[in-house]
Amino acid sequence: MEARRRSKRNKLNIDIRDAESFITRSEDTIYRLKNSDMGEQFVRKQIDKLKIAITDKKELAETLRKELLKVDCGGLDNDI
């Protein structure tokens, strides 16, 4: 059981790290877009898309963190 719990914990940590990396890269992209010379309409559309994606990833990361806490407490042992 401990090996399965460790495996699940590692997978969740990797997924959380990926989500946080995506958020950081997307925020950097928004900054670069704001300082670019591209068309204003294009920039606004791209920023809006990125903001939606960032919000989705933040929600995913929060859900994964809650699941990680459950794994650490043994709350998901029956599911694993």
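**Briefing: a two-helix chain**

V71 lies in helix α2. The model is predicted, and the secondary structure of its protein chain comes to two helices and zero strands.

**Overall shape**
- The C-alpha trace of the protein chain spans about 55 × 15 × 15 Å along its principal axes.
- The radius of gyration of the protein chain is 17 Å, whereas a compact globule of 80 residues would have one near 12 Å.
- Taking contacts between residues at least 6 apart in sequence, 72% join residues at least 24 apart.

**Largest nonpolar core**
- Seven residues make up the largest nonpolar core: I23, I30, L33, V43, I47, L50 and I54.
- At least two residues of this core come from each of α1 (2-34) and α2 (40-73).
- The most is given by α2, with four residues.
- L50 is in contact with S26, T29, I30 and L33, if neighbours within four places in sequence are left aside.

**Second core and V71**
- A separate second core has five residues, among them I16, L64, L68 and V71.
- V71 counts as buried because its relative accessible area is 0%, and the cut-off for buried is under 20%.
- R6 and V71 are 65 residues apart in sequence, yet their C-alpha atoms are 8.7 Å apart in space.

**Surface and charge**
- Of the 80 residues in the protein chain, 22% count as buried.
- The protein chain exposes about 6,000 Å², and carbon and sulfur atoms supply 50% of this area.
- There are 19 positive and 16 negative side chains in the protein chain, and the centres of the two sets lie 1 Å apart.

How values were computed. Residues numbered from 1 in each chain as written. Predicted model: local features only at pLDDT ≥ 70, side-chain atom pairs only at ≥ 80, totals over all residues. Heavy atoms only, no water. Core = buried A, V, L, I, M, F, W, Y, C linked by side-chain atoms within 4.5 Å. Buried < 20%, exposed > 50% of the residue type's maximum accessible area, 1.4 Å probe, protein only. Contact = heavy atoms within 4.5 Å. Rg over C-alpha atoms; globule rule 2.2 N^0.38 Å. Areas by Shrake-Rupley, 256 points an atom, 1.4 Å probe, with all protein chains shown as cover. Lys, Arg positive; Asp, Glu negative; His and termini not counted. Charge placed at Lys NZ, Arg CZ, Asp CG, Glu CD.
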